Amino acid sequence: MKILVVGSGGREHALAWKLAQSPRVQRVYVAPGNGGTALDNRLKNFPSSDPRVLAAFVEREKIGLTVVGPDAALAGGIVDYFQSLNLRIFGPTKAAAELEWSKDFAKSFMQRHGIPTSPYKTFTDAARAHVHVDAEFAARPMMPVVVKADGLAAGKGVVVAVDADEAHRAIDRWLPADAPGARLVVEGFLEGEEASFFVICDGRTGLPFATAQDHKRLLDGDLGPNTGGMGAYSPAPVVTPDVHARVMHQIVKPTLAGMAAEGRPYTGFLYVGLMIDAQGQPRVVEFNARMGDPETQAIVLRMKSDLLPVLEGALNAKLDLVEIEWDRRTALTVVLAAGGYPDAPRKRDAIEGLPKHDDDDSVVFHAGTALVDGRIVSDGGRVLSVTALGDSVRMAQKRAYALAETISFTGMQFRRDIGWRAAARR
């Protein structure tokens with residue numbers, strides 16, 4: 001079988017890398033791919049992101065399955081378009097993916113179906129949003145308020161405002177007077193520890209993937225601005241067997257049932273962003289309609305099963321017959337980011353020290369890279385995801401950071417404390 005993976009980031013490199021290991025796969029194309037997928041002789045880049053161009057390519061090359069990575073492609077309706085041409089594609093439809101691309105829809109959906117989350121209000125009028133924020137801080141002056149842009153924002157559309165001034169600035173940025181139709185959501189703050197819970201869905205059944213925990217802030221100690229993710233590890237110790245059961249019973253099952261009841265059956269990867277309180281009660285922070293980045297990089301390194309039959313089980317509505325085997329070890333990913341990220345990342349810096357081959361316990365997945373005149377250069381904010389396995393969190397940290405130290409490019413920055421929460425638990 002030939003497979004097409006749509007996207008260019010570390011998530012897509014990881015998915016393509018894993019699918020290429022299947023004995024049933026002849027070739028994996030990545031569209032548009034990156035420098036790392038260009039160098040891997042098991043993969044081949046196709047230079048387009050246009051759904052019509054991709055569909056024609058799939059028909060011409062007789063590609064048996066397309067797997068969609070990025071949120072923007074799902075929100076744009078690529079799955080609907082491919083399905084209209086009877087082309088096999090894995091991912092939620094545009095209507096189902098609204099769980100991610102509209103924060104307002106997701107919150108109202110959870111409210112309708114009794115799924116635990118924080119209280120919220122949606123605003124299209126900035127003046128009303130400002131009044132609401134002032135009232136929230138007056139009532140609970142020591143509690144932050146969460147302000148979210150309604151649409152897709154590449155992980156940067158959230159402000160956890162510790163004071164009213166910070167909340168007002170977010171409102172002015174995301175609800176300007178010259179942007180008719182813009183919306184934002186103001187939520188109550190959830191206390192606890194975050195975790196990422198991944199499920200593969202076939203429209204009625206949810207099969208849990210491995211759990212993970214990522215680090216959104218740019219700097220050590222969870223300081224600095226939010227990013228798309230500076231590192232991750234899997235599994236997440238905070239997701240105990242009891243918490244896992246609660247997530248499946250209280251969140252995943254009613255979500256799939258509710259989406260089906262509303263005429264939006266959900267097939268694809270579902271990312272449930274959780275906040276787990278001191279009593280082990282999980283609440284939904286957000287839904288994503290795809291795998292996370294950089295969590296995917298850690299998760300696929302732990303996955304011992306062939307990914308292709310799992311995707312086919314979801315497409316054939318037979319996930320109840322599928323089992324997944326996981327490596328018991330911890331996988332940890334450290335993101336090497338460009339200088340100036342997240343606001344103004346540098347590009348076209350030559351990257352030195354990349355390993356010539358993967359080994360059994362570590363892989364460098366590419367994200368923001370390009371192959372220019374035979375050399376790998378930086379081409380985005382999050383450049384590389386250095387991922388390693390270890391018998392403990394500390395061993396995985398040691399291996400990942402030792403590998404990261406061998407790589408260099410101008411302005412390279414990375415956090416040195418990925419996995420600190422899990423390490424502190426052991």
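Author: What follows starts with the ring contacts and then moves to a lysine, a helix and the strands. Please keep in mind throughout that this is a predicted model, and that each value is computed from its atoms.

The structure holds 10 aromatic pairs. In one of them, formed by Tyr 29 and Phe 57, the ring centres are 5.0 Å apart and the planes stand at 90°, so the arrangement is edge-to-face. Because Tyr 29 belongs to strand 2 (residues 27-32) and Phe 57 to helix 3 (residues 51-61), this pair ties together parts that are 28 residues apart in sequence. Tyr 29 and Phe 57 are both buried. Another pair, Tyr 401 with Phe 414, is tilted, with 6.2 Å from centre to centre and 35° between the planes. Here Tyr 401 sits in helix 13 (residues 393-404), while Phe 414 is in the loop between helix 13 and helix 14 (420-425), 13 residues apart; Tyr 401 and Phe 414 are likewise buried. Ring pairs also link Phe 90, Phe 209, Phe 269 and Trp 326 into a cluster.

Rings take part in contacts with charged groups as well. The charged end of Lys 94 sits over the ring of Trp 101, 6.0 Å from its centre, and the charged end of Arg 173 sits over the ring of Trp 174, 4.8 Å from its centre.

Lys 2 has a relative accessible area of 18%, and since buried means under 20%, it counts as buried. The side chain of Lys 2 reaches the backbone oxygen of Glu 61 at 3.2 Å.

Helix 12 (residues 307-315) is mostly covered, with seven of its nine residues buried; among them are Leu 307, Leu 308, Val 310, Leu 311 and Glu 312. At the start of helix 12, a side-chain oxygen of Asp 306 comes within 2.9 Å of the backbone nitrogen of Leu 308. After helix 12 comes Ala 317, with a positive phi near 55°.

Turning to the strands, an open sheet of eight strands runs in the order 16-15-10-11-14-17-21-18, with antiparallel pairing. Strand 16 (282-288) and strand 18 (362-366) stand at the edges with a single partner strand each, so one side of each is left without a neighbour in the sheet. From one strand to the next, the twist averages 25°. Within this order, strand 14 (residues 231-234) and strand 17 (residues 330-337) run antiparallel and are joined by four bridges, and Ala 232 has Thr 333 as its bridge partner in strand 17.

Elsewhere, strand 7 (residues 145-149) pairs with strand 8 in the antiparallel sense over four bridges, and Lys 148 stands opposite Val 158 of strand 8.

Terms used: Residues are numbered from 1 along each chain as its sequence is written. This is a predicted model: local features need pLDDT of at least 70, side-chain atom pairs count only at pLDDT 80 or more; totals for chains, interfaces and linings use all residues. Side-chain values use heavy atoms; hydrogens and water are left out. Two strands pair if DSSP finds at least two bridges between them. Helices (H or I, at least four residues) and strands (E, at least two) are DSSP runs, numbered from the N terminus. Axes are lines fitted to C-alpha atoms, for helices over the stretch in contact, and angles run from 0 to 180 degrees between N-to-C directions. Rings of Phe, Tyr and Trp (its six-membered ring) pair if their centres lie within 6.5 Å; planes under 30 degrees apart count as stacked, over 60 as edge-to-face and the rest as tilted. Buried means under 20% relative accessible area, exposed over 50%, partly exposed in between (1.4 Å probe, protein chains only). A charge sits over a ring if NZ of Lys or CZ of Arg is within 6 Å of the ring centre and within 35 degrees of the ring normal. A polar contact is a pair of N or O atoms within 3.5 Å; within protein, one must be able to donate a hydrogen and the other to accept it, and residues adjacent in sequence count only if both atoms are side-chain atoms.
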